[in-house]
Amino acid sequence: MSRVFSHIPGIPPTLAGWLLAALLACVCLPAAPSLCAAAEEAPSPADSVAPDEENSAPEQAVYPGVVNERIQRGGDGKPTLSLYYPVLNQTAVDADIRRWATGVADAYEEEVGKADEGPDGEKPSSYGMWDLTGLFELSRPSEDVASVTFNVYSYTGGAHGNLEITCLNYDLRSGRRLDLADMFKNPEKALQLMSTWSRKELARTLGEDADEDMIRDGVAPDLRNFANLTLTPQGLRIEFQPYQVAPWSAGPQRVDMPLAELAAAGPEALIWPQAPVSND
């Protein structure tokens, strides 16, 4: 798992970080159809896991039939952590999501621990402003598939914080996480199509702020450039990390790609039962 706690310039600490996370949460994906309430497996007792709190900020979106769990740590003079994740009532999926979320929380606490080990136990002057907040979006392209997109903002000192976007896609029948080879009959073709489409769309949406070199490198048909895909009923939402295709001042970039543009790669019916059939 990539680290989410490097000091990356471009976003003010704490308050603006919370605002950024809240704004990201407002980009709504299609609501999930009914899912059962809770997973059988209990969360780790080391974590304080609580349902949505009416006055908590930033606000996590609520999806029908989905339980929002929350890992909370820190406080009492220590950096605070608030990370939401969904429970979809599929034991293997819920366990995998919980492991991922717990791993993010543990990595942040490890970073906090390193600060405690400074010379003579002296903490950085910004220590009191350190925090991590994570929200998720949920999309259901079909009855048997769930797509969870996490936006995790963290601040661990320095001038500014960091945002990490992570997409986890699941086959709800088997509980298995899906990768590109599970989404398309021809994943290499899918990479080429996504590369071409993203380059065109980013040039259009960024306009005068478009950096041709950043876009060219960030959308090259390499699996690492398309590691985070939100699966929607209409096709794909391609998520780009900050600095991948544009400067931080432009914000994180998303490109929506309709199924019709992906037909030549053979979209899998498990995910998109209505996918058009290519004539190629």
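This is a predicted model: local features need pLDDT of at least 70, side-chain atom pairs count only at pLDDT 80 or more; totals for chains, interfaces and linings use all residues.
The accessible surface of this chain comes to about 13,100 Å², and 52% of that belongs to carbon and sulfur atoms. The chain has 280 residues, and buried ones make up 51% of them. In secondary structure, there are 5 helices and 10 strands. On contacts, take the pairs with a separation of 6 or more: residues 24 or more positions apart account for 64% of those.

Now to single residues. I'll start with Asn228. Where is Asn228? It is in the loop between helix H5, residues 212–218, and strand S8, residues 229–232. Is Asn228 buried or exposed? Its relative accessible area is 12%, and the cut-off for buried is under 20%, so Asn228 counts as buried.

What does the side chain of Asn228 reach at 3.2 Å? The backbone oxygen of Ile165. Ile165 also turns up in the list of contacts that Asn228 makes beyond four places in sequence. For orientation, strand S9 is 235–240.

Next, Tyr243. Tyr243 sits in the loop that runs between strand S9 and strand S10, the latter being 253–258. Its relative accessibility is 34%, so Tyr243 is classed as partly exposed. Which residue is 25 positions from Tyr243 along the chain, with a C-alpha separation of 8.7 Å? That is Gly218. Helix H5 is 212–218, if you want to find Gly218 on the screen.

Last topic, backbone angles. Most residues other than glycine have a negative phi. Here are two residues with a positive one.

Asp76 is not a glycine, yet its phi is about 50 degrees. Asp76 is in the loop between strand S2, residues 67–75, and strand S3, residues 78–87. With a relative accessible area of 84%, against a cut-off of over 50%, Asp76 is exposed.

Asn89 also has a positive phi, near 65 degrees, and is likewise a residue other than glycine. Where does Asn89 lie? In the loop between S3 and helix H2, which covers 91–116. Asn89 has a relative accessible area of 34%, and because that is between the two cut-offs of 20% and 50%, Asn89 is partly exposed.

Methods: Residues are numbered from 1 along each chain as its sequence is written. Side-chain values use heavy atoms; hydrogens and water are left out. Helices (H or I, at least four residues) and strands (E, at least two) are DSSP runs, numbered from the N terminus. Buried means under 20% relative accessible area, exposed over 50%, partly exposed in between (1.4 Å probe, protein chains only). A polar contact is a pair of N or O atoms within 3.5 Å; within protein, one must be able to donate a hydrogen and the other to accept it, and residues adjacent in sequence count only if both atoms are side-chain atoms. Contact means heavy atoms within 4.5 Å. Accessible areas come from the Shrake-Rupley method with a 1.4 Å probe; for residues, only the protein chains shown count as cover.
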